[in-house]
Amino acid sequence: MSASRIPKHRSHPTLLADLAHWVEDVAALTCPDSVHWCDGSDTEAEQLTRLLTDTGMLEPLHGDYPGCHLYRSHPNDVARVEHLTFVCTHDRSDAGPNNPWMAPAEAHARMDELFRGCMQGRTLYVIPYCMGPLDSPLSRCGVEITDSPYVVLNMRLMTRMGDAALARIERDGRFVKGLHSTGDLNPDRRFIMHFPEELTIKSFGSGYGGNALLGKKCHALRIASWQARDEGWLAEHMLLVAITNPAGETHYVAAAFPSACGKTNLAMLIPPASMPGWTVRTIGDDIAWLHPGADGRLWAINPEAGFFGVAPGTNPRSNRNAFDMIRKDTIFTNVAVTDEGRPWWDGLEGAPRTDWRGQPYDPANGPAAHPNARFTVSATNNPAYAAEAEHPQGVPLSAIIFGGRRRSLAPLVYEASDWVHGVLMGAGVASETTAAATGAVGVLRRDPMAMKPFCGYHFGDYWQHWINIGERLSHPPRIFHVNWFRQDAEGRFLWPGFGENLRVLAWILDRAQARGSAVETPIGHLPAPHDLPLQGLEIPSEVMEALLAIDVPGWHREFSQLREELSAYGDRLPSALRTRLDEALARLSA
C-alpha cells in the first residue's frame, strides 16, 4: 500500500498543522518505512485485507461466511491486561485507588523508549475517527496512530473512521491522541498508559482489541469518563436498547454488566413467542454516553459503530440476531475452524479441525476456541439494528439497569427507591470474573457500575459526579438491579434467561411509567411473583419465590462488606452513599 498524505482542508489550519507535526514527531521516533493516512474507503479496506491474507495474518473463511476472516493473536495476547493499564495524572489521588497509577513524566519516558524505532519495516497508519454519529453534538473524536493493519480494519468497523471523521475533527478543533504499536508482543514490555489531562493514550506490546483499538475502552471509557466529568455528562459501560410494547409505546433502556455477563444477549434480545407484540431493537451493546437534556431527561448515544463481541456462547439458540449478524463481513479472532473452513466454538454445529492457535485440534490441549474469542462486525449487520442509533440528539432513557453474575443473594430484579439509592446500587455491583480479563476465573469481585477497569479517575469523585448529574434531572430514569444467574443448591439456574428476560424488562418499564406494583423491602422495591408477566412460562411457584427471596442476614453481611470496601475511597466517598448504607443496615437490623 502506498503512503498517502494528510488531506488539505481550510477550516482549522492550526489544528491540522498540530496534527501533522504530531504524526511527524511520532514517525521520527518510531522510524516506519512509510506513513499512510486512512481515508476509510472500501478500496483501502480491500487493500489491507489483501495485504493481511497474502501474509497469512488473515485466513479467509468458508464461502457461506462471505467477507469473513480469521485472525489469530499471539497466545500471550488474548485479553485486557488491567494490571498493566495505568492512569497517569499529575496528582496521584486523582486516579484513585481504583486505577494503577504512574507519574506522567515517568510514563512518557518509559513509553517513548519502547516506541523508539519500533516501526522499522512497518507502515505507520493514521486513523482519524469519530465516536458517535458524525453530526451529533454528543460525539467526540480521536486520532489513532498504529502499525497494525488489523487494528485499522477493526477501527473501520468499530468507529466512524476516515476522511469524514477528519472533517469533524476540523470542526471541533480538538481530538484525543492515541499512539499504538504491537511492538514485539513481549508481555514484559506491554503497557497501556492514559494521560487524561492531556487527552492522550499510549499503548505498546499488544494487538488484542481492548488494548489496541484505542477508540474503544481507552478513549470511549477511560478518557471519555474524564471528559464527561469536566463537561457534565457520563461515559458508561452500558448497552442501549429500544423496547416497544404491544400498545406501541417505545422506551429506551441502558444497562451495565461486567464483560461476558450477557450484555450482548440482552442488547439483541428476541421476545419469546408467548409475548406477542413486543419488539426489541439494538442501539448499542457495550458503551453509552449519557447527557442531561434541556427537558430534564437523560439522553444517550452509543459512541461505537460496531460490535466487538465474545464469540463463545453465541449461537442460534442463545442469540439468533448476533449469530445471523456475524455470518458476513466479520473479523473473527481466536476461534477454531472446521474441516469446511467455518468458524467454530462450543455450541455450534460441526467439529473443529484446528484450534485457536492454528494447531490440529486436540482436546488435551484445551478448548478449541479461546474462551475470550471475539468477533468484530458493523452494527448495521444486526437484524435488530435500531435507526435511533444514528439520531444526533440520542434517545431519552426510561430506565437504567445494573447487574452481575451472582449465584446467590441478589434477587432476580429489584428497584432503587431514588437516584442516590440507585448510585449506591451501582457502586455495589459484584460479579464472578470471566475470561474477558486476565487472572483467575469464577472469583467474585466488586465491579462498581461495571466500570472498575474503565473509570479514568477516582471512584469517589465518579460517584459524586453521578449524584450531581441526578440533581440536574427533573425526570431521571429509574434505576434497577437484575441477576439472571441465581442457582439452586445443585448449581442449576433458576431463571431461564435469554429471551425470557423480557418479562423482567416489562415490569421494569411499567415501574418506570409509575404503573407497576411492587413490594417494599430493606434492599429496594421488588415485584411479587404475580407482578411479572409469566404467561406461557412454566416455572414453579417455589422457584419464583426463591428468585425473589431476600436473605436478610446475607444482605447485612453484603452491606457491611460494601461499607468496608467503600471506605478505601476515603474523604472522596460521597457522604450521601455513607448515609444510604447506614440506613440500609438499620433496616436490615430491624
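Which residues of α5 are buried? The legends below take this predicted model one close-up at a time.

**View 1. Helix α5 is mostly covered.** This helix runs over residues 149–158. Nine of its ten residues are buried. They are P149, Y150, V151, V152, L153, N154, M155, L157 and M158.

**View 2. W22 and F175 form a tilted aromatic pair.** A pair of aromatic rings is described by the distance of the centres and the angle of the planes. Here the ring centres are 6.3 Å apart. The planes meet at 45°, so the pair counts as tilted. A tilted pair falls between the stacked cut-off, under 30 degrees, and the edge-to-face cut-off, over 60. W22 sits in helix α1 (residues 13–30). F175 sits in the loop between α6 (163–172) and β8 (176–181). The pair therefore ties together parts that are 153 residues apart in sequence. W22 is buried, at 13% relative accessible area. F175 is buried too, at 12%.

**View 3. Y65 and F332 meet edge-to-face.** The centres of these two rings lie 6.3 Å apart. Their planes stand at 75°, so this pair is edge-to-face. Y65 belongs to the loop between β2 (58–60) and β3 (69–71). F332 belongs to strand β18 (residues 331–333).

**View 4. Six aromatic residues form one cluster.** The members are W226, Y457, F459, Y462, W463 and Y569. One of them, Y457, also has an arginine over its face. That arginine is R229, at 4.3 Å from the ring centre. Across the whole structure, a search finds 20 aromatic pairs.

**View 5. R405 lies over the face of F485.** Here the distance to the ring centre is 4.0 Å.

**View 6. Helices α15 and α16 cross.** Helix α15 covers residues 552–566, and helix α16 covers residues 575–589. Their axes come within 10 Å and cross at roughly 160°. That makes the two helices roughly antiparallel. The crossing is left-handed. On the α15 side, the residues in contact are V552, W555, H556, F559, S560, L562, R563 and L566. On the α16 side, they are L581, D582, A584, L585, L588 and S589. Why does the spacing of residues matter when looking at a helix? An α-helix has 3.6 residues a turn, so residues three or four places apart point the same way.

**View 7. C31 has a positive phi.** Most residues other than glycine have a negative phi. C31 is not a glycine, yet its phi is about 60°. C31 lies in the loop between α1 and β1 (34–37). Is C31 buried or partly exposed? C31 is partly exposed, with a relative accessible area of 34%.

**View 8. A450 has a positive phi as well.** Its phi is about 55°, although A450 is not a glycine. A450 is found in the loop between β26 (444–446) and α12 (459–471). A450 is buried, with a relative accessible area of 0%.

**View 9. G293 sits in a loop between two strands.** The strands are β15 (288–292) and β16 (298–301). G293 is partly exposed, at 23% relative accessibility. G293 and E390 are 97 residues apart in sequence. In space they are 17 Å apart, C-alpha to C-alpha.

Methods
Residues are numbered from 1 along each chain as its sequence is written. This is a predicted model: local features need pLDDT of at least 70, side-chain atom pairs count only at pLDDT 80 or more; totals for chains, interfaces and linings use all residues. Side-chain values use heavy atoms; hydrogens and water are left out. Rings of Phe, Tyr and Trp (its six-membered ring) pair if their centres lie within 6.5 Å; planes under 30 degrees apart count as stacked, over 60 as edge-to-face and the rest as tilted. Helices (H or I, at least four residues) and strands (E, at least two) are DSSP runs, numbered from the N terminus. Buried means under 20% relative accessible area, exposed over 50%, partly exposed in between (1.4 Å probe, protein chains only). A charge sits over a ring if NZ of Lys or CZ of Arg is within 6 Å of the ring centre and within 35 degrees of the ring normal. Axes are lines fitted to C-alpha atoms, for helices over the stretch in contact, and angles run from 0 to 180 degrees between N-to-C directions. Angles under 35 degrees count as roughly parallel, over 145 as roughly antiparallel, 65 to 115 as roughly perpendicular and the rest as oblique. A crossing is left-handed if the near helix is turned anticlockwise from the far one by less than a right angle, and right-handed if clockwise. Contact means heavy atoms within 4.5 Å.
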